[in-house]
Amino acid sequence: MTELESSAARQYTPDSTHTSDSSYPIYVIVGTGPVGVRCAQKLLEFCDEAQIVIYGAEIESPYNRVKLSQYLSRHVDREELDNPILGKTDHRLAEYIDRKIVAIDRANKTVTDAEGNIQPYTKLILATGSNPTIPQIPGANLPSVYPFRSLRNTNDLIALRERHADICVIGAGALGLEAATALKTPKNSVTLQSRGKLLSGLLGEEGEEFLKSSLSALGVELKVGDALKAIEQHEENNILQFSDGEYLNVDAIVLCTGIQPEVTLAQQSGLETERGIVVNEWMQTSDPDIYAIGECAEHDRKVYQLVRPGYEQAESCCSHIRRNHGGEVLERPYSGSYTDIQLKIAHIPCAIIGDVASDNLKQGDDVQSYIYRNRFKGIYRRLFVRDGLILGAVYIGSWDEASSLRQAVAQEEKISQRAFSDFESEGRLFGKKKTNSIKDFPDGYLVCQCNSVSKGELCKAISDGKRTLNELQQATTAGSVCGSCRPLMAELLDAPVPNLVMRHAKGILITSLISLLLIALAFLMPSPPVSDTVQSGQLWDKLWYDNFWKQVTGYSILVLCIFTAALSVRKRWKKITLGHMDHWRYAHSLIGVVALATLAVHTGFRLGKNLNLVLMLVFLGVTATGSLVGVFMARNHHWTDLRLREHRKWWSRIHYALLWALPVLLAYHILAVYYF
């Protein structure tokens, strides 16, 4: 970055020649969060002759706070958090890191940092963000209680997870849900506590039950409806006391209990504040030369806790400042924002789109509700519709139409009654398309809903040489908020994004390959010679021909087959929540290998004739297709080609079909051999 004069940046003093009546304007931004960075970028774009000065209180260079949950859950690397200012090599930009502003002098139009350096301004933009809300309960300030707000907080939580600490996450909003699942490991326990409903009840009762089932399957314990009364520390343990009289013993507590706008500077300088810094439609405070944007701002009695409203506020603020440079002002000033919520709980997408909370959705007659549910796949989708327009939607589980749905809500696209009927039966709203490739969509299609970046803008950046996801993000801002559009960006780059790594992936891969090797040996190896008499005393002959050992190995295979069926029961019976599904998959693979080895002892891998031949082929077919599915699942985070997913789907179907035949053939074989 080129700063005013040096890497430390020249400081201004009251008697400096660069005063507020300078021949060029100086726009000062306080805050290097995503909203402050966006504001700096817009001012550099709008104002050719202005000096832009931005201050950050944290020691880290600007990073994307929105992605901290993804960083905690290992979905993104540390480098992907970086959020540099586009155009930071511009000589008009001065960037100060670890330089907290402590005072505003409105009369002289200057700000002072913690070291006493003074900087004049023509216009001042406060993007000071917010602080985590600390519950007013005994013990909330103990060292074992961690907030979750900054990069430093996140690194503390990663250290907790690495030592497998038992954790209680307080708060069931988006941040609490993501934190709880990100902190869960096979070797620790995580409890999610909330005195209210998950996501403030916006999912509805049925949607909340789907989400609770998903969280339980991930190993997260729930304690919903009981308020936390106190936290007590006894030696290295922490005891949480709840309103119902129950206690919970954990190593650490993580607070995800909301935010408090940072208004200290505004209050000290006499600006009007309520919960946040009160602003008008152009984001001006009670001082017309001072603006406030992001989580510190309060517009129309609302404080927004999401980054997208902050970006929209920055657009209005910068457009208003642009008037001084002969630029056009937005036709419509800021009038509020949608508060869509989009999160990924482990590998489970969850979203609340549009208006699902207002009273008019509950009045009934003119608002219809359409629901699609698939408990087997853990999918729940609900639409709120009036006169063919989708007012809002909630969904849990992957939905390849999510981007089109958001666009339909934002653009008030009219949907036919036939489409809603199809949605209730099939779960698809826009019908089956010939292709799902983003490359076949028009250039005007909005790939990044958060930042309104179209496919055409992305394609232009790619043609200009932006050939990695990070370069494309920095050039267009697409993917810099929630990150849900990054797979589409990657598809344009022909560089698929890796999926979430499955637990025991290596173990499942190895056992699946061993199973496939044993199956290949069954077909390729010659049958072992048949002894003339069982009196020869050879061990293999006794195992193969002695009636007692034949029954031992035969019934062992039967028991192992029953154990492998437990995975299907675990998947389909929601009351069974013991252990993570990946643990069950690994056990399923191990039992499959043992069953094949037992089959080798039982038959000598002789394929047999007639019924025995059919039974052997079906058994080997079941294990072969199951092993192939295991290979695809274990390698899916490396092989992201859609054809691989199709292979896994079709081999799974064959596996399930053969499974239906196996119990019948086994029962007939046992009855025929041992009882008749």
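**Close-up 1. The span of helix α1 in a predicted model.** The 13 residues of α1 should span 18 Å at 1.5 Å a residue, and its end C-alpha atoms are 18 Å apart, which agrees. The expected span is 1.5 Å times one less than the number of residues. Helices here are DSSP runs of H or I with at least four residues, strands are E runs of at least two, and both are numbered from the N terminus. This is a predicted model, where local features need pLDDT of at least 70, side-chain atom pairs count only at pLDDT 80 or more, and totals for chains, interfaces and linings use all residues. Residues are numbered from 1 along each chain as its sequence is written, and side-chain values use heavy atoms, leaving out hydrogens and water.

Close-up 2. Because 12 of its 13 residues are buried, α1 is largely enclosed by the rest of the structure. Buried means under 20% relative accessible area, exposed over 50% and partly exposed in between (1.4 Å probe, protein chains only). Among the buried residues are Val35, Cys39, Leu43 and Phe46. Partners that the buried residues of α1 pack against include β1 (26-30), β2 (51-55) and α7 (307-322); contact means heavy atoms within 4.5 Å.

**Close-up 3. The largest cavity.** There are 2 cavities of 30 Å³ or more, and the largest holds about 110 Å³ of space. A cavity is a set of points on a 1 Å grid over the protein atoms alone where a 1.4 Å probe fits but cannot get out; lining residues have an atom within 4 Å of a point. Volume is the space filled by probe spheres set on the points, which are joined across faces, edges and corners. Helix α1 gives the largest share of this lining, 4 residues, and α11 (469-476) also supplies at least two. Tyr311 and Asn83 are among the other lining residues.

**Close-up 4. Salt bridges around Lys223.** Lys223, Asp226, Asp244 and Glu246 are linked in a network of salt bridges, each a side-chain nitrogen of Lys or Arg within 4 Å of a carboxyl oxygen of Asp or Glu. The closest N and O atoms are 3.3 Å apart for Lys223 and Asp226. Lys223 counts as buried at 13% relative accessibility, and Asp226 does at 18%. Asp244 and Lys223 pair at 3.0 Å, and they sit 21 residues apart in the chain. Asp244 is partly exposed, at 35%.

**Close-up 5. A bridge between two loops.** Asp400 and Arg428 meet in a salt bridge (3.1 Å, N to O). Both lie in loops, so the pair ties together parts that are 28 residues apart in sequence. Asp400 is exposed, with a relative accessible area of 52%.

How values were computed. On a 1 Å grid over the protein atoms alone, a cavity is a set of points where a 1.4 Å probe fits but cannot get out, and a pocket is an open set with protein on both sides within 12 Å along at least five of seven lines; lining residues have an atom within 4 Å of a point.
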